[in-house]
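This briefing is meant for someone meeting the structure for the first time. It begins with the whole protein and then turns to single places in it.

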Amino acid sequence: MIRCLMQSILVARDLSLQTYKKCLYRSTMKLADTLTNTEERKCVPLNSNDVIAASMTQSHVIPTVNATVTSTQTMPLLETAKSETAMESFKIPTSKVVPRVRIEKAPLPFEEIPGPMILKLWEKYWRYVPLLGTQLFCSLLISRLTQGRLSWNRNITPIKYLFDEYGCIVRINGPLVNDIIMIHRPEHIAEVFKQESESPIRSGIDILQHYRLNHHKYRSAGAFSLQDLEWLEVKKKINQPLHETISDYIGKLDSVCDELTNRIRNIRNRQDEVPANFHRELTAWGMECFYMTMFNKHFGFLDSTSKSASEATKIINALITAHTYMSRCETGFQVWRFFETPFAKKLYAACDVLDEVIGKYIRQTQNKLQTSSLSKQEKFTNEERNLPLLEKMMIQRIHPNDISILLMDTIILGVQAVINCEAFLLYFLAKNPRVQKRLYNEIISVSSKTSKECTQTKESLENMPYLKACIKESLRLRPAFPYLTRLLSSAISLHGYTIPKGTFVIMASQITSQREEHFEDPEKYQPERWLNQDEYAYNDYQEYSCLPFGYGVRSCLGRNMAEIQMMLLTAKLVQEFTIEYDYAEIQSRFLMINVPNKSLRFRFVDRN
Ligand code: HEM
């Protein structure tokens with residue numbers, strides 16, 4: 001009996017508590033709604049805490065709303081069903097709402113930005129490493145840091161983990177390196193780019209810099225590593241010739257795409273599937289495009305029967321090796337700073353092969369230009385625009401050393417970026433037959449109007465908005481570089497914190513471009529989202545929400561070249577084949593560039 005009685009009391013108490021909570025919530029919401037319509041609400045922004053506070057502080061004076069009830073009557077704390085009905089229509093006289101004073105928030109100290117404790121573990125190692133650069137730290141962070149603790153597969157996941165754990169701004173500090181801030185919100189990225197100086201500083205690739213300055217005794221570190229105004233001078237000189245060359249070489253680049261198409265027909269099996277090492281064929285295509293634009297030479301990378309086949313194999317092997325060991329040297333502890341490790345030796349040997357090839361063409365061009373008179377050279381720049389880029393750069397009097405390192409950066413990073421972005425694009429098309437169909441229709445309709453069958457021109461490419469959207473969408477989901485970096489040249493304010501000048505900022509742009517606020521169903525491949533720009537122009541920071549080629553003065557120099565190459569090849573392949581892929585999902589893994597983590601076993605089924 002007593003137990004029953006006790007239970008009933010407990011149940012009754014629970015019920016009354018629940019009713020109280022419900023009523024308090026309803027009155028709070030009602031109050032918030034009402035306040036929205038008052039003048040006070042307009043000038044005093046309230047958050048949910050304010051509303052709750054307001055309801056609590058005024059609970060004794062809030063009028064219950066019956067016309068008959070005066071404003072001085074108090075509302076019962078524990079409401080009855082009667083008072084609940086009465087709540088439906090109560091009004092608060094505006095004069096009773098006490099306006100709140102907006103309190104200016106003082107900037108929060110930089111040191112209070114949350115960051116991972118796990119990094120503290122590394123501090124004890126750092127002191128044994130005298131030559132620590134920011135890049136080392138970034139590398140640690142981006143590559144191996146969380147190994148063992150997370151399901152680490154060398155992709156962007158650990159960075160995402162840090163944001164999930166510490167919020168939208170994460171600070172990483174150490175005793176020897178400068179502080180590093182990691183961000184991913186477009187509005188924060190905008191602040192970083194707004195403070196950019198005339199010559200912004202980005203993290204370089206230390207091992208390539210080391211190769212050039214110490215191993216090779218070149219006079220500068222290279223396009224990706226060079227920081228000062230000297231590089232900007234070179235960049236200015238290259239920019240225009242680069243764009244002109246690409247436009248002038250569209251026809252030649254298109255025929256390189258024809259070669260890959262034929263090669264696919266030769267190498268696919270009876271199920272129309274290309275071999276697992278199809279990535280290598282894409283590399284050959286990328287290198288042939290590079291040779292064509294830089295040296296105006298057809299090398300035969302896609303022709304296994306050509307005279308230069310063994311030389312082609314050597315160059316492609318060198319490129320693959322250089323990329324692999326650059327990534328291995330650059331990530332983890334950089335022991336190569338103290339002695340030449342086996343990884344560094346392999347990288348240097350591969351770079352030497354590429355350097356030799358580039359050097360050969362530079363010498364040839366130098367000889368050619370020495371034999372022609374200056375006036376003739378000037379005539380070249382004005383009249384004969386079809387010169388290869390190397391010759392144009394030499395006419396611009398760019399130092400041969402600078403040309404050499406620029407070309408090597410273009411091969412190791414630029415060509416690799418194009419190949420891997422193209423690989424992901426083909427994958428997305430293969431996985432989305434509806435998109436592929438629409439793209440095919442666009443290509444056919446434009447080609448029939450503007451160009452000869454199966455040949456693209458500058459005009460035909462300009463008339464393919466859907467193709468551009470397909471590329472943009474693929475770069476949104478799988479950019480070549482998942483993050484951008486800058487050293488702050490002046491202090492900025494982010495998320496209420498003051499970030500001092502000299503802080504190194506990592507912008508996780510791959511995460512930015514997959515945020516729900518900016519992209520509906522962000523994980524889906526939907527090129528259509530780029531066609532109606534107005535629909536997406538609602539947000540002030542839209543511009544910063546997808547930056548596959550970076551932003552500002554230090555944005556990608558090869559953007560035009562990359563986009564044209566990708567457009568040409570994609571148009572060609574979609575026009576000729578239906579592309580299919582039957583295997584497990586392909587994700588990216590990070591080898592200084594996002595690369596596919598699985599073989600590209602596409603099926604290329606003839607359309608006719
Ligand atoms: C789809 C292919 C490519 C993508 C996604 C890409 C992306 C990028 C990104 C994100 C940056 C850093 C920008 C920044 O920090 O704001 C960059 C820099 C650069 N890219 Fe590309 N790139 C591609 C292809 C190429 C190609 C083919 C070339 C060769 C001409 C090239 C040459 C460069 C150079 C020289 C820089 C350094 C620019 C500077 O520091 O001023 N890129 N690229």
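What percentage of the 608 residues in the protein do buried residues make up? The share is 51%, and like every value here it comes from a predicted model. The protein has 23 helices and 10 strands. Among the contacts in the protein with a separation of 6 or more, 73% are between residues 24 or more positions apart.

**The iron atom and its surroundings in the sequence**

- The iron atom of the ligand has a single donor from the protein, namely the SG atom of C556, which is 2.3 Å away.
- C556 belongs to the loop between α22, residues 533-536, and α23, residues 559-576.
- R559 is part of helix α23, and with a relative accessible area of 40% R559 is partly exposed, because values between 20% and 50% fall into that class.
- R559 and F549 are 10 residues apart in sequence, while their C-alpha atoms are 6.6 Å apart in space.

**Cysteines**

- A search of the whole structure for disulfides finds zero of them.
- C470 is in no disulfide, and the nearest cysteine sulfur, which belongs to C546, is 14 Å away; a disulfide would need the two sulfur atoms to be within 2.5 Å.
- C470 has a relative accessible area of 0% and is buried.
- C168 is buried as well, with a relative accessible area of 12%, a value that is under the 20% limit for buried residues.

**The packing of helices α12 and α17**

- Helix α12, residues 278-295, packs with helix α17, residues 400-431, at an angle of about 135 degrees, and the axes of the two helices are 9 Å apart.
- The two helices α12 and α17 are therefore oblique to each other, since an angle would have to be over 145 degrees to count as roughly antiparallel, and 65 to 115 degrees to count as roughly perpendicular.
- In passing α17, helix α12 makes a right-handed crossing.
- On the α12 side, the residues that meet α17 include F278, L282, W285, M287, F290 and M294.
- On the α17 side, the residues that meet α12 include L407, I411, V415, V418, E422 and L426.
- As background to such lists, an α-helix has 3.6 residues a turn, so residues three or four places apart point the same way.

**Helix α8 and what covers it**

- In helix α8, which spans residues 186-194, the buried residues are P186, H188, I189, A190, V192 and F193.
- The elements that cover the buried residues of α8 include the strands β2 (180-183), β3 (484-487), β4 (492-494) and β6 (504-507), together with the helix α21 (509-512).

- H495 is not a glycine, yet H495 has a positive phi of about 55 degrees.
- The place of H495 is the loop between β4 and β5, the latter being residues 497-499, and H495 is partly exposed, with a relative accessible area of 43%.
- M592 likewise has a positive phi, of about 70 degrees, although M592 is not a glycine.
- M592 sits in the loop between β8, residues 588-590, and β9, residues 594-596.
- Is M592 buried or exposed? With a relative accessibility of 8%, M592 counts as buried, because the limit for that class is under 20%.

Definitions and conventions. Residues numbered from 1 in each chain as written. Predicted model: local features only at pLDDT ≥ 70, side-chain atom pairs only at ≥ 80, totals over all residues. Heavy atoms only, no water. Buried < 20%, exposed > 50% of the residue type's maximum accessible area, 1.4 Å probe, protein only. Donors = N, O, S within 2.8 Å, 3.2 Å for Na, K, Ca; no water. Helix = DSSP H or I, 4+ residues; strand = E, 2+ residues; numbered from the N terminus. Axes fitted to C-alpha atoms, helices over the stretch in contact; angles between N-to-C directions. Parallel < 35°, antiparallel > 145°, perpendicular 65-115°, else oblique. Left-handed = near helix turned anticlockwise from the far one by under 90°. Contact = heavy atoms within 4.5 Å.
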